[in-house]
Amino acid sequence: MTRIFSGIKPTGHLTLGNYLGAVRQWAEVDQHRAESLFSVVDLHALTVDHDPGRVRRLSRQAATLLLASGIDPERATVFVQSHVDEHARLSYLLECVATDGEMRRMIQYKEKSALERARGGSVRLSLLTYPVLMAADILAYGADEVPVGDDQVQHVELTRDLAVRFNQRYGHTFVVPRATYPKVAARVMDLQDPTSKMGKSGDVGAGIVYLLDEPDVVRKKILRAVTDSGSEVEYDREGKPGVANLLEIFAACEGGSPEDLSGVYESYGALKKDTAEAVVEVLRPVQEKHKELVADPAYVEEVLRRGAERARGMSRPMVDTAYRAIGLLPPVNEEL
Ligand code: AQP
C-alpha cells in the first residue's frame, strides 16, 4: 500500500493557504487512498526566533485543526514530531550525506535568512539544516508520496537526492519519495500582495485568511483584496495576479478550475463577494468541529499519544537499518 507523510509547522495560526494547498487534500483524499502519517512538525518551528509557550499553544492548535479538518485518527497517524526521537536520530545521518552547498541553495533559507538579517537578528544554524530534518521526517517512514503545496517542492527534491545518494553509498535503505500537489491552489497568495505567498508566520495582516477567522473577518479580508488594473475578470497569473488568486481560491472552494471561471464574472466586486461566501462555507464545518474538540483536550492528547506510539513503531526499524548501513556499531546484545 502507498505510504504518505506530510507535516505542518506551528509557526503561526494555520491559513487558508495551508488548508487549500495541503490539509484539505490530506483529509478528503489522501487518508482514504493510502497509509497516511500527518505530523505537527514542531522542531521546525525552532529555526527562527520563537516564544516557547506560543510554539506549545500553536502545536496543540495545529493538531486540533488537523482533526477538525476531517483527518480521522483511526485511519491516519496524527502525531507531534518531537514525540518521536527517530526524526532527530536520522537527521544527523542525513547531514553526513548532504553538503553545505545544497543547503545554501534552498530558497526558503535564502528568503528567511535575508529577513532575519534585515531585522538585525542572527540566523540560526537550524534554519540552514532543517531541510535535512524534513528529509528525515519523510525517509524515516519509507513514505512513497509527500502531498505538499508548491513552496515545499525544493525540499522534497532534496529529500529524493539524499535518499538516492545514501542508497548508492551504503546500500539500498530508503524509499525515494515523490511530491504530490493539489490541482488548484497549490500556492495561495497574500490578498494584499498577490505576488507573495500567503504565509502563516508573516506579519498579521489583512492579506492572510486564518482558518479560525470569524466569517465577517473573512468577508472583510476578501472584499478588500488587492485586484489589478482593468476590469475584466480573467485568469492570468502573470498579468493579473490579484484576480488570478481570487479565481484560484474560489475554484478550490467550489471544486472547479480557475480557467473555467474566467469570463464568468462581469466585475471584480461580484467575484470577491462570491469568493468570500465560498471561503466562509468551506471554513464553517472546520471551525464548528474545532470548537467541539477544544472542549475535549483529553481526546486530542490521547490521539497524539497513540499517534506517537504508532509512528515510533513504524520509524524505528528504518532508522536502525540506516544506522547499521552507514557503519555504526550496534549496541551490545543487539542482534545485527
Ligand atoms: N500559501 C500556500 N498555498 C498553498 N499551500 C501552502 N502551504 C503553505 N502555505 C501555502 C502548504 O501547507 C503545508 C504546511 O506548511 P508548513 O507548515 O510546512 O509551512 P510552510 O510551507 O513554510 O508555509 P507557511 O504557512 O508559509 O509557514 P511559514 O510562514 O512559517 O513559512 C505545506 O505542504 C505547504 O506547502
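Is D320 buried or exposed? I looked this up in the predicted model and found that D320 counts as buried at 17% relative accessibility; buried means under 20% relative accessible area, exposed over 50%, and partly exposed in between (1.4 Å probe, protein chains only).

**Conventions.** I note that residues are numbered from 1 along each chain as its sequence is written. In this predicted model, local features need pLDDT of at least 70 and side-chain atom pairs count only at pLDDT 80 or more, totals for chains, interfaces and linings use all residues, and side-chain values use heavy atoms, with hydrogens and water left out.

**Entry 1, helix α12.** I checked α12, residues 297-326, which has 30 residues. Helices are DSSP runs (H or I, at least four residues) and strands likewise (E, at least two), numbered from the N terminus. From first C-alpha to last, α12 reaches 42 Å, close to the 44 Å expected at 1.5 Å a residue; the expected span is 1.5 Å times one less than the number of residues. I found a bend of about 30° at S315, with P317 following within four residues. The bend is the angle between axes fitted to the seven residues ending at a residue and the seven starting there. Just after α12, G327 takes a positive phi of about 115°.

I recorded 25 salt bridges in the structure, each being a side-chain nitrogen of Lys or Arg within 4 Å of a carboxyl oxygen of Asp or Glu. D320 pairs with R316, the closest N and O atoms being 3.5 Å apart. Both residues lie in α12, 4 residues apart, about one turn of the helix. R316 is partly exposed at 42% relative accessibility.

I next looked at E248, which forms a salt bridge with R237 at 2.8 Å between the closest N and O atoms. E248 lies in helix α9 (residues 241-254) and R237 in the loop between α8 (215-223) and α9, so the pair ties together parts that are 11 residues apart in sequence. E248 is buried at 7% relative accessibility, whereas R237 is partly exposed at 36%.

The side chains of E116 and R119 also meet in a salt bridge (3.4 Å, N to O). Here E116 is buried, with a relative accessible area of 10%, and R119 is exposed, with 56%.

I also noted a network of salt bridges that links E74, E302, R305, R306 and E309.
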